[in-house]
Every structure is written in structure tokens, then in C-alpha cells.
Amino acid sequence: MADDRLGAGRVLDAMSTRGLAGKRDYVRSLEQRRDDDGLALLVECLCDESWYLRELAEQALLRLGDRAGEALLPLLEQGLWFSRASSARVLGRLGYAPAAAGMLRLLDDANATVAQAAGAALCELAHRGGSARIAWELHRLPPEQRH
């Protein structure tokens, strides 16, 4: 019984306005820094378990533009499923063409959410002028991997 009360308290604390406002302020402060350390910390936010923090970081990274693209590329290859999905989403919305190869590899990810995010990101990349890069990356794949 005591464990139930502790668990409920943690949920209420995590959903408190103060906790959410703190996350929002933290991400805002990182975005305003506009330096490499702030960018690295924003990318690290995509690895956090908090969906809300990841969403805030995604929006901030989008506002930073192409500068965020290079920092996000490593997340396509590593990390938890939600980190890979978040990075693919942001890179697609940025129209960051160098991410095409990594996103194509994610189409075969074991996690269905990641594979779906990669497909949507590739579509977004194509809409933002990345069609030629996607076609080039597809051409570079061995014939048995082109599907």
C-alpha cells in the first residue's frame, strides 16, 4: 500500500506545472545560448525519458536550423528507440539532406515506431528538396537492399 502512494506522488510531481515549466525554461535557456555546449545539451534532451522534454528539444532544434543537423546525425545510429525517432523527425523537418542515408537504414529498424518515423522523415526531406539526395543514396545501396 505504501508503494502505491509513493508511485502516485511521483506521477503527480512529474506532471506538476512547476516541473513542466522547469523543463520548458531549461530548453529555452539552452536554445538561447546558441553555442556548441547548448546544442549538445539539446541533443541530449532527445535521449531523455520525458516525452515533453523531447518535444520541447525537437522544437528548439528546428528553430536552430541546419546547425542542429550535423549534431543529430549520430543519434540515427545509436541510442534508444525514441532518440532515433526524434532525430529522424527533426532531420526530416529541417530538410537536412546528409541524413538521407541514415534515415534509409532506419527503415529496417527493429522498432516499428522508428521505422515509421524514418519513412515520414524521408517524405518530409523529399518535400523540402532532398529528393535527389535520397535517390542518390538509394542508388548507392546494393541491389538486394533496395526495396
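E137 is buried in this predicted model, with a relative accessible area of 7%. Buried means under 20% relative accessible area, exposed means over 50%, and partly exposed lies in between (1.4 Å probe, protein chains only). Residues are numbered from 1 along each chain as its sequence is written. As the model is predicted, local features need pLDDT of at least 70 and side-chain atom pairs count only at pLDDT 80 or more, while totals for chains, interfaces and linings use all residues; side-chain values use heavy atoms, with hydrogens and water left out.

E137 forms a salt bridge with R133, and the closest N and O atoms are 3.1 Å apart. A salt bridge is defined as a side-chain nitrogen of Lys or Arg within 4 Å of a carboxyl oxygen of Asp or Glu. E137 and R133 are four residues apart in helix α8 (residues 112–140), so about one helical turn separates them. Helices (H or I, at least four residues) and strands (E, at least two) are DSSP runs, numbered from the N terminus. R133 is partly exposed, at a relative accessible area of 29%. E137 also forms a salt bridge with R140, with 3.4 Å between the closest N and O atoms. These two residues, E137 and R140, are three residues apart in α8, again a separation of about one helical turn. R140 is exposed, with a relative accessible area of 53%. Elsewhere, salt bridges that share partners join E58, R89 and R93 into one network.

The structure holds 11 salt bridges. One of them pairs the side chains of D36 and R67, at 3.7 Å from N to O. D36 lies in helix α3 and R67 in helix α5 (residues 66–72), so this pair ties together parts that are 31 residues apart in sequence. D36 is exposed, with a relative accessible area of 60%. R67 is partly exposed, with a value of 32%.

The protein chain has eight helices and zero strands. Its elements run α-α-α-α-α-α-α-α from the N terminus on. Buried residues make up 38% of the 147 residues in the protein chain. Among contacts in the chain between residues at least 6 apart in sequence, 59% join residues at least 24 apart. Contact means heavy atoms within 4.5 Å.

Helix packing was examined next. Two packed helices are described by the angle between their axes and the distance between the axes. Axes are lines fitted to C-alpha atoms, for helices over the stretch in contact, and angles run from 0 to 180 degrees between N-to-C directions. The axes of helix α3 (residues 36–45) and helix α4 (residues 51–64) come within 8 Å and cross at roughly 140 degrees. That angle makes α3 oblique to α4. Angles under 35 degrees count as roughly parallel, over 145 as roughly antiparallel, 65 to 115 as roughly perpendicular, and the rest as oblique. α3 passes α4 in a left-handed crossing. A crossing is left-handed if the near helix is turned anticlockwise from the far one by less than a right angle, and right-handed if clockwise. On the α3 side, L39, L42, V43 and C45 take part; they meet L53, R54, A57, A60, L61 and L64 in α4. The residues of this contact divide into nine nonpolar, no polar and one charged. Ala, Val, Leu, Ile, Met, Phe, Trp, Tyr, Cys and Pro count as nonpolar, Asp, Glu, Lys and Arg as charged, and the others, Gly among them, as polar.

α4 also packs with helix α6 (residues 81–94), at an angle of about 30 degrees and with the axes 10 Å apart. α4 and α6 are therefore roughly parallel to each other. Their crossing is right-handed. In α4, R54, E58, L61 and L62 meet F82, S86, R89, V90, R93 and L94 of α6. By class, the contact of α4 with α6 has five nonpolar, one polar and four charged residues.

G102 is found in helix α7 (residues 100–106). At 7% relative accessibility, G102 counts as buried. G102 touches L76 and E77, not counting residues up to four places away in sequence. The C-alpha atoms of G102 and A88 are separated by 8.6 Å, and the two residues are 14 apart along the chain.
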